Amino acid sequence: MFRIWGRLIKNNHLLKDVVVSPEGKDMSRTAKVYKSVEMICEEFDLAVPIWHDNNNNEFIKHSMTRFYPVSFLEAVDFDYLEIKVIEEDHIWE
């Protein structure tokens, strides 16, 4: 199972959080991450953020990243959206 935790943070306080798990065993890890971000944004009623180079690099190194207001095309009322992989698929599944 592949699961990602999404959190909206403002002034170091958790506003909302959700855990999502995209369906599809034949999806690549990248496709699962992008689908998870879409699912999280849908849950929080947000537009999908723009992935910048720093988001890609941070996600590759740490399996987590933060999207700041500059990543969104609309005005947002939080400091950042953080996504973090909390469970990876295993090869033997």
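This report walks through the strands, salt bridges and nonpolar core of a predicted model.

## Ground rules

Residues are numbered from 1 along each chain as its sequence is written, and the model is a predicted one, in which local features need pLDDT of at least 70, side-chain atom pairs count only at pLDDT 80 or more, and totals for chains, interfaces and linings use all residues. Side-chain values rest on heavy atoms, with hydrogens and water left out.

## How the strands pair

Let's begin with the strands. Helices (H or I, at least four residues) and strands (E, at least two) are DSSP runs numbered from the N terminus, and two strands pair if DSSP finds at least two bridges between them. Strand β1 (residues 3-10) runs antiparallel to strand β2 (residues 13-20), and 7 bridges join them. Across this pairing, Gly6 stands opposite Val18 in β2. The two strands form a hairpin with 2 residues between them, and Asn11 in the turn has a positive phi of about 50 degrees.

Strand β1 is also joined to strand β4 (residues 80-87), again by 7 bridges and in the antiparallel sense. Here Trp5 stands opposite Lys84 in β4. Strand β4 pairs with strand β3 (residues 64-67) too, antiparallel and over 4 bridges. In that pairing, Phe67 has Leu81 of β4 as its bridge partner.

## Salt bridges

How many salt bridges does the structure hold? There are 5, where a salt bridge is a side-chain nitrogen of Lys or Arg within 4 Å of a carboxyl oxygen of Asp or Glu. One of them joins the side chains of Arg7 and Glu82, at 2.7 Å from N to O. Arg7 lies in strand β1 and Glu82 in strand β4, so this pair ties together parts that are 75 residues apart in sequence. Both Arg7 and Glu82 are buried (buried means under 20% relative accessible area, exposed over 50%, and partly exposed in between, with a 1.4 Å probe and protein chains only).

Glu82 has another partner: Arg66 forms a salt bridge with Glu82, with the closest N and O atoms 2.9 Å apart. This pair links strand β3, which holds Arg66, to strand β4, which holds Glu82, the two residues being 16 apart. Arg66 counts as partly exposed at 28% relative accessibility, whereas Glu82 counts as buried at 6%.

Arg29 sits in helix α1 (residues 29-44) and Glu88 in the segment after β4, 59 residues apart. Arg29 is partly exposed, with a relative accessible area of 35%, and Glu88 is partly exposed at 28% relative accessibility.

## The nonpolar core

In soluble globular proteins, nonpolar side chains tend to be buried together. A nonpolar core is a set of buried Ala, Val, Leu, Ile, Met, Phe, Trp, Tyr and Cys residues joined through side-chain atoms within 4.5 Å. The largest one in this model has 20 residues, and those with the most contacts inside it are Ile4, Ile40, Leu46, Leu81 and Ile83. β1, β2, α1 and β4 each supply at least two residues of this core, and α1 gives the largest share, 5 residues.

Which residues does Ile83 contact, leaving aside its neighbours within four places in sequence? Contact means heavy atoms within 4.5 Å, and the partners of Ile83 include Ile4, Trp5, Val37, Ile40, Trp51, Phe59, Met64 and Phe67.
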